[in-house]
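Hello,

Here is the structure I promised to pass on to you. Have a look at it first, and then read on for what I found.

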Amino acid sequence: MRLRQWQRECVKLALERYRAHPHFLCLATPGAGKSMMSAELAANLYRAGKIDFILCFAPSREVAAGLASTFERQVGQRFDGQIGAIGGAYTYQSMAYLDSVFWEMLDRYRVFVVFDEIHHCAGSNLNSANSWGEEILRHIQDRAAYTLALTGTPWRSDKRPIVLSRYGINGIECDYVYGLRDAVLDGVCRKPNIVLIDNDKLAIEEEGKHQEFAGISALLTGSKRAYRSILHNETALRHCLEIGVEKLNHLRRSNSAAAGLVVASSVSHARKVLQILKEQLGQSASLVTYRENNARQVISHFRLGDQPWIVSVGMISEGTDIPRIQVCCHLSSITTELYFRQILGRGIRITPECDGDTWLYTFAEPKIVEYANRIAEDLPEHQIVFQETEHTSDITTPERPCSPKSSAENPSTYDGTSSLMSEEWSVHVSEPSAVDKPRSMEFLGAFTQKLCGLVLPT
């Protein structure tokens, strides 16, 4: 496969840097083709006789499987992690189940290690590391011949340092940057359009008092209502889904495979969304959450099919490649910029069938408004400088772990969870508390929409 210009430039720069330094960090916008670039870099190192083996690590089994397929095709060698293969792809979770014999390979051979979505791995030292970062610091940092770290969002919501990264006075220092604006101008990614939904008159009953607010921002700052109460309000929910459905129906007139994704805030919320889509809006839709045992099969079937909608809770995020998604309703209660950009990235990959725009619909929550207004920036100014903190315990997640016995027997496929959710935001996926349920909220005014998007040269 022919490489894009940015991929050729990045490979060349990495090969030059490896003459003096073993680590390389590439920032490339979601959908730009980081996997292909990294596989071509590995092929160059292998053909030049500089490495013996290749290891890839990723946040989920699905992403790891995609990397294995790309590397096998590009390097021209088996990539299944078995005897005789050039390498293998694993999840970050599986690192804890790899024994000392496995890690000794890095001492005996020249190993090239690729880290996909490296921002999930935190720690400049063992005191500041999370569990995944700790494994990298202990077993890989000083033993790999070369490393390549990939990310589309090179910062963490908790502002902890990303493992293997360099930081200066202005924050993280990337060795190569290929931003969203560049990717859209080059025809590599679709142009994102973000539609912020608001209402000019909201009324609530709170502590026996009737209050009215001239917009979502005013409501959230002037009352005890949480953003989740907006997301669970059926009037607001239906309005967002309606305009998403309308847009997708329009897109499907020219591309019958165009699809929509709804990112819900909890399992009960997702089921409510599914009900509205099916029963009120007459849409065919699938549901995929971390509670379903067949989640990957559902995602795979949706990817290859032509069903219009899929509703997800934490399952279709970074690295999950469904290029036919062109519309997204972002209805998650997670309001970090990292998560916002990852969700936006699900719909920007150009395909031969469709090279048009992508559309994201969400509510005008103040932080989301801020993120939307600076979507062209690759490194949010207030996020990139890390703060060093000691960390001794990991975030616990609601996923069901696989049994230790099965994971030990087959560490190459074990990812520590039964879902695709990452440890950084999976803790937020929970059912609404009673105080958040919108029993006394009414949208009395007109719904409004504000369009935010990249400003491109005319």
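Predicted model: local features only at pLDDT ≥ 70, side-chain atom pairs only at ≥ 80, totals over all residues.

The protein has 458 residues, and 56% of them count as buried. Its secondary structure comes to 14 helices and 18 strands. If you take the contacts with a separation of 6 or more, 78% of them are between residues 24 or more positions apart.

Now to the helix pair. Two packed helices are described by the angle between their axes and the distance between the axes. Helix α1 covers residues 5–17 and helix α2 residues 34–47; their axes come within 9 Å and cross at roughly 40 degrees. Angles under 35 degrees count as roughly parallel and 65 to 115 as roughly perpendicular, so α1 and α2 are oblique to each other. The crossing of α1 and α2 is right-handed. On the α1 side, the contact is made by Trp6, Gln7, Cys10, Val11, Ala14 and Leu15, while α2 brings Lys34, Met36, Met37, Glu40, Leu41, Asn44 and Leu45. Among the residues of this contact, 9 are nonpolar, 2 polar and 2 charged.

The arginine is Arg374, found in the loop between α13 (366–373) and α14 (404–409). Is Arg374 buried or exposed? Its relative accessibility is 13%, and because buried means under 20%, Arg374 counts as buried. The side chain of Arg374 makes polar contacts with two glutamate side chains: Glu337 at 2.7 Å and Glu370 at 2.8 Å.

Enjoy exploring!

Best wishes

Terms used:
Residues numbered from 1 in each chain as written. Heavy atoms only, no water. Helix = DSSP H or I, 4+ residues; strand = E, 2+ residues; numbered from the N terminus. Buried < 20%, exposed > 50% of the residue type's maximum accessible area, 1.4 Å probe, protein only. Polar contact = N/O pair within 3.5 Å; in protein donor to acceptor, adjacent residues only side chain to side chain. Axes fitted to C-alpha atoms, helices over the stretch in contact; angles between N-to-C directions. Parallel < 35°, antiparallel > 145°, perpendicular 65-115°, else oblique. Left-handed = near helix turned anticlockwise from the far one by under 90°. Contact = heavy atoms within 4.5 Å. Nonpolar A, V, L, I, M, F, W, Y, C, P; charged D, E, K, R; others polar.
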